[in-house]
Amino acid sequence: MKINKDILLHVSMALAAILVLSLPPLISGDHSVLKFQPMINTMVGTRKEQNEKMMTISHALQGNAIFFLGASEVIWSGEEPHAIFNYFNQNLHIPVVAYGGVMVDSVIQYSLLSRFIQDLNSKTQLVLLLSPDSFFRPKVPPKIFEDNLPAVVFDPLLNDREVAPVVTQYLEMTRGDKISHLSFSQMQIRGWNISDIKKEMSWQFGSFCDLARDFYKEKIRLKKAQPELWPSPEGKFEAVDWESQRQQAREYNKEHKITAATHWMTPEYFKAHPKPYDWSSRPPAEEQIVAFKKLIKMLHERHVQVIAIVDPMNPSAINHRERYKQADEIVKSTLKEYQVPYYDMYEMPYQNGWNKDYLHPTDLAWVDMDHFVYEQFK
Amino acid sequence: MIKKAIRLFLLYFCLALTIVAWSTSNDSAKLKVQFEYQQF
């Protein structure tokens with residue numbers, strides 16, 4: 001069969017153009033360097049970004065930084081000067097890497113740390129920030145699952161006998177919900193669907209384009225490089241005047257109009273939710289309790305220096321705070337069994353100005369959390 | 001022939017570059033999770 005020379009030339013030049021454009025970013029994606037990222041709020045990203053996040057978390061967990069694992073408290077506290085990843089890194093010069101996105105619960109925390117199990121050792125300094133509401137939610141929307149457990153985290157977990165049933169069941173519970181994309185290995189569990197395959201292929205293509213675009217922007221310096229070097233461990237636990245820090249945080253609250261006039265919430269939240277809402281009357285979700293217990297057991301077996309904190313709850317924004325008591329008792333007894341220090345801000349006498357809404361900490365609450373972490377790890 | 005090949009290469013390179021510049025993985029259908037946060 002005679003092939004038209006013109007067609008052959010077009011095809012070969014098109015292939016050559018694609019190769020020239022895509023090979024450099026693809027190769028660079030596999031050669032990531034260690035970067036210090038004080039706050040990570042999703043595991044999603046281009047291949048390069050994912051590699052960098054994995055390297056940062058891994059290096060931190062090996063004992064090169066305090067690793068703070070929370071939820072939306074982290075992502076929504078980027079501006080708070082006393083949020084641990086700001087205050088410890090910038091003021092105390094003690095490296096902290098924080099991970100936390102919306103709705104990160106015990107299952108996600110357990111899965112994420114299981115992915116880095118090889119890095120967990122007696123040098124690991126880990127702070128677990130527990131969101132009280134996460135214990136009452138058996139499943140999360142698929143978007144949250146995709147954000148925190150993409151293929152790079154999820155796939156290796158299937159070979160782990162302990163965590164595999166937990167993540168598999170967790171994924172199966174999202175069945176029927178709208179998804180934006182799932183990896184092929186996740187589809188194998190959740191069920192094959194043409195529309196999911198299309199979404200995943202389109203996402204993969206988009207992700208590759210993001211990778212290539214970032215690569216060339218960096219080359220022509222359109223994208224400003226962020227500070228990358230891992231801070232030297234020169235920071236010492238020097239004496240801190242915590243009362244003065246609390247005073248600064250109160251001033252910060254005042255500047256942000258978190259006052260008695262708004263029931264100690266931000267004016268925006270108070271305007272949107274003038275009346276308190278009822279805490280769930282359901283018992284804590286079994287899936288979350290199982291994952292939490294497995295997580296603490298795993299950390300104990302790896303001799304990790306772990307401490308735990310639970311968020312304060314704003315009594316002006318929530319009715320029936322006592323409904324959390326059952327979950328708190330389970331948390332307390334589990335932590336006691338494995339001698340894990342626990343800062344129970346739920347049970348402590350409530351301090352006005354601790355929450356910017358019903359649950360999320362203000363700068364003032366961060367000072368108290370910082371103080372606890374400081375005392376435990378100094 | 002070589003001139004034509006170079007022209008075609010540049011044409012396809014520009015085309016690929018445009019596609020890369022305009023495509024992204026950012027899904028527009030982001031859930032309003034902050035509102036769902038309280039529904040438990």
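Predicted model: local features only at pLDDT ≥ 70, side-chain atom pairs only at ≥ 80, totals over all residues.
Let me begin with Glu80(A), which, leaving aside residues up to four places away in sequence, touches Asn86(A), Tyr252(A), Lys356(A), Thr362(A), Asp363(A) and Trp366(A). Glu80(A) sits in the loop between helix H3 (72–75) and helix H4 (84–92) of chain A. Is this glutamate, Glu80(A), buried or exposed? Its relative accessibility is 8%, so Glu80(A) counts as buried, the limit for that class being under 20%.

I turn next to a pair of helices in chain A. Helix H5 (residues 106–115) and helix H13 (residues 286–301) pack with their axes 8 Å apart, at an angle of about 30 degrees. The crossing of H5(A) past H13(A) is left-handed. On the H5(A) side, the residues that meet H13(A) are Ser106(A), Val107(A), Gln109(A), Tyr110(A), Leu113(A) and Ser114(A). Their counterparts in H13(A) include Ala291(A), Phe292(A), Leu295(A), Met298(A) and Leu299(A), together with Glu287(A) and Lys294(A).

The surface of chain A also deserves a remark. Leu19(A), Leu23(A), Leu26(A) and Ile27(A) form a nonpolar patch there, and together they have about 340 Å² of accessible area. Of these, Leu19(A) belongs to helix H1 (residues 5–29) of chain A. Leu19(A) counts as partly exposed because its relative accessibility is 48%, a value between the limits of 20% and 50%.

Finally, chain B. This chain has 40 residues, of which 25% are buried, and contains two helices and zero strands. Chain B exposes about 3100 Å², and carbon and sulfur atoms supply 67% of that area.

How values were computed. Residues numbered from 1 in each chain as written. Chains lettered and ligands numbered in written order. Heavy atoms only, no water. Helix = DSSP H or I, 4+ residues; strand = E, 2+ residues; numbered from the N terminus. Buried < 20%, exposed > 50% of the residue type's maximum accessible area, 1.4 Å probe, protein only. Areas by Shrake-Rupley, 256 points an atom, 1.4 Å probe, with all protein chains shown as cover. Patch = residues over 30% accessible without salt bridge, like charges linked within 9 Å, V, L, I, M, F, W, Y side chains within 5 Å. Salt bridge = Lys/Arg side-chain N within 4 Å of Asp/Glu carboxyl O. Contact = heavy atoms within 4.5 Å. Axes fitted to C-alpha atoms, helices over the stretch in contact; angles between N-to-C directions. Left-handed = near helix turned anticlockwise from the far one by under 90°.
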